[in-house]
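Subject: Structure handover

Hello,

Here is the structure we talked about. Please open it next to this message; my notes follow below.

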Amino acid sequence: MKKIGIFYGSTTGTTKEVAYEIARQLDVKTDDVYDVAKTAPSAVGAYDVLIIGASTWRSGDLQDDMIGFIDGLQSVDLDGKEVAIFGCGDDSMVDTFCDSVGEIYHSLHDTKAMFIAPFNNDGYDYSHSESDVHGMTVGLCIDNVNHADQTDKRVKAWCDKIKEEIC
């Protein structure tokens with residue numbers, strides 16, 4: 001069984017809540033869920049699968065705590081690690097919806113990590129997102145502002161996809 005670590009950056013608590021729901025869905029112990037504000041990037045070394053999540057702020061910016069963590073991850077050996085990305089945003093921010101997902105993906109693209117669990121953004125109403133890369137959404141996007149009723153369903157479906165991909 002592959003060991004999963006969940007690493008999140010959260011300012012208001014929404015991304016933290018999603019991280020813990022993902023942990024519940026994947027049977028990940030709470031000891032393996034990390035707030036990146038209190039965690040060194042080297043902590044990822046203990047895991048085979050990294051689930052990384054952050055919210056999108058202002059005009060498409062990555063959540064503050066995640067910026068330094070991602071910078072640190074670029075110097076960590078991620079060769080052979082499987083990485084799944086999730087993010088929280090507001091689809092009424094039509095030009096920057098869940099840009100954090102794309103920012104994480106692009107920042108780690110050259111690290112030799114293997115990206116898993118792309119997901120689709122059907123049901124959201126936005127015109128552009130950095131999470132959309134080459135016609136696919138590179139991770140799970142959550143909008144608890146306008147589509148909170150869809151969060152549990154999306155998280156479950158994404159976690160089921162992760163289970164299929166890492167077995």
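Helices (H or I, at least four residues) and strands (E, at least two) are DSSP runs, numbered from the N terminus. This is a predicted model: local features need pLDDT of at least 70, side-chain atom pairs count only at pLDDT 80 or more, and totals for chains, interfaces and linings use all residues. Residues are numbered from 1 along each chain as its sequence is written, and side-chain values use heavy atoms, with hydrogens and water left out.

**Loop residues**

Start with cysteine 98. It sits in the loop between β5 and α3. Buried here means under 20% relative accessible area, exposed means over 50%, and partly exposed is in between (1.4 Å probe, protein chains only).

Alanine 117 also has a positive phi, about 60°, and is not a glycine. Its loop runs between β6 (114-115) and β7 (132-133). Alanine 117 counts as buried because its relative accessibility is 0%.

Phenylalanine 97 is in the loop between β5 and α3 (99-108). At 0% relative accessibility, it counts as buried. Contact means heavy atoms within 4.5 Å. Not counting residues up to four places away in sequence, phenylalanine 97 touches residues that include Asp91, Tyr124, Tyr126, His128 and Cys141. Glycine 60 is 37 residues away in sequence, yet its C-alpha lies 7.2 Å from that of phenylalanine 97.

Histidine 147 is in the loop between β9 and α4. Its relative accessibility is 19%, so it counts as buried. Its side chain makes a polar contact of 2.9 Å with the side chain of aspartate 91. (A polar contact is a pair of N or O atoms within 3.5 Å; within protein, one must be able to donate a hydrogen and the other to accept it, and residues adjacent in sequence count only if both atoms are side-chain atoms.) Leaving out residues up to four places away in sequence, histidine 147 touches Asp91, Gly123 and Tyr124.

**Helix α4**

Helix α4 covers residues 151-166. What span should its 16 residues have at 1.5 Å a residue? The expected span is 1.5 Å times one less than the number of residues. That gives 22 Å, and the end C-alpha atoms are 22 Å apart, which agrees.

The buried residues of α4 are Thr151, Arg154, Val155, Trp158, Cys159, Ile162 and Ile166. Seen down the helix axis, they fall within an arc of 125°, so they line one face of α4. The arc is that of the directions from the helix axis to the C-beta atoms. On the other side, Asp152, Lys153 and Glu164 are exposed. The buried residues of α4 pack against β1 (4-9), α1 (14-25), β3 (49-57), β5 (82-88) and β9 (140-142).

**Cores**

A nonpolar core is a set of buried Ala, Val, Leu, Ile, Met, Phe, Trp, Tyr and Cys residues joined through side-chain atoms within 4.5 Å. The largest has 27 residues; Leu50, Ile52, Met66, Ile70 and Ile104 touch the most other members. β3, α2 (64-73), β5 and α3 each supply at least two residues of this core. A second, separate core has 25 residues, including Val18, Ala19, Ile22 and Val28.

Tyrosine 8 is in strand β1. At 3% relative accessibility, tyrosine 8 counts as buried. Beyond its neighbours within four places in sequence, its contacts include Thr15, Ala19, Val33, Met66 and Phe86.

**Salt bridges**

A salt bridge is a side-chain nitrogen of Lys or Arg within 4 Å of a carboxyl oxygen of Asp or Glu. By this rule there are six. Arg58, Asp61 and Asp64 are linked in a network. Arginine 58 to aspartate 61 is 3.2 Å between the closest N and O atoms. Arginine 58 to aspartate 64 is 3.1 Å, N to O. Arginine 58 is exposed, with a relative accessible area of 52%. Aspartate 61 counts as partly exposed at 30% relative accessibility, and aspartate 64 as partly exposed at 49%.

Glutamate 21 and arginine 24 form another salt bridge, with the closest N and O atoms 2.8 Å apart. The two are three residues apart in helix α1, so about one helical turn separates them. Arginine 24 counts as exposed at 54% relative accessibility.

Best wishes
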